Amino acid sequence: FIGNGGLNDDDLTDLDSLDTTPGLTGDPSVIYEYTTGNIGLFVGVTNPGYEGLYDFDALVGGGTAEATDGVAWSIGANYTTDAYKFGIGYEDLDVDAASGLGNISADHLFLGADGTFGAFTAKVRYGMADITATDTAGVGTDVDFDQWSISGTYAMDAVSVTGFYQDKQFDLASGANFFEVESMGIGASYDLGGGAKVVGGVVDSEETDGASPAVSDTSFDLGVSFSF
């Protein structure tokens, strides 16, 4: 999740205090899935790095930019019944400067549950991670990352309507807010037949940087999807 862009560009820009950070890359990647009965098992690995250069000292001030690369691996399992699905996953991320000085590491535990009740499907997700950014002098800054989301979809004939809420919270070791983003959205799709759907939605997000006032933004999208 983290190794493949689960922290969006805005989150990462704030985390490393660089306005020009383009975010984590997450490829090449591979995941192996094995299913037996109601149980699914997963093992994945990716090679995350930062596009361009990254300043490991930016979090604590000063420093110079260096090229980076890293590795992230993950394991997971789920259990599925006719109406329910439960999942758990663990991820370990480590991104180093090419010189070996400076590092970002993270341990991430993720839980999920789905339930289908007739035409209605509900999903809940929760993740918690410990993130440490270490500068070239070996000084580390710890950030606790907690996230949770809930969504519901109601399907009626050719129409499906989905609503969701998501919260991503970054806290310093002192417990003070470092960065938070809350998102709420609603979307719908209409099945045109033949594998084509009209899909659209609107999302409202609110970001709070430290003790600064929250900043809101609203996004819209509308398009057509095809499956063959």
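This is a predicted model: local features need pLDDT of at least 70, side-chain atom pairs count only at pLDDT 80 or more; totals for chains, interfaces and linings use all residues.
Residues are numbered from 1 along each chain as its sequence is written, and side-chain values use heavy atoms, with hydrogens and water left out.

Back to R125. Its side chain meets that of D114 in a salt bridge, at 2.7 Å from N to O; the criterion is a side-chain nitrogen of Lys or Arg within 4 Å of a carboxyl oxygen of Asp or Glu. D114 counts as buried, because its relative accessibility is 16%. R125 sits in strand β8 (residues 120–134) and D114 in strand β7, eleven residues apart. A search of the whole structure finds one salt bridge.

Now the overall fold. There are one helix and 13 strands, taken as DSSP runs (helices H or I, at least four residues; strands E, at least two) and numbered from the N terminus. Of the 228 residues, 32% count as buried.

Next, the strands at the end of the numbering. Strands β11 (residues 177–193) and β12 (residues 196–209) pair antiparallel over 14 bridges; pairing requires at least two DSSP bridges. In that pair, A188 stands opposite G200. Two residues separate β11 from β12 in a hairpin, and G194 in the turn has a positive phi of about 70°.

On to β13 (residues 215–226), which runs antiparallel to β12 and is joined to it by twelve bridges. Here V198 stands opposite V224. This hairpin has five residues between its strands, with G210 in the turn at a positive phi of about 60°.

Last, the pocket. What is the volume of the largest pocket? About 690 Å³. A pocket here is an open set of points on a 1 Å grid over the protein atoms alone, where a 1.4 Å probe fits, with protein on both sides within 12 Å along at least five of seven lines; lining residues have an atom within 4 Å of a point. The volume is the space filled by probe spheres set on the points. Of the 32 lining residues, the closest to the centre are I75, G76, I88, G89 and F110. Elements giving two or more residues to the lining include β5 (68–80), β6 (84–97) and β7 (103–117).

Technical notes:
Buried means under 20% relative accessible area, exposed over 50%, partly exposed in between (1.4 Å probe, protein chains only).
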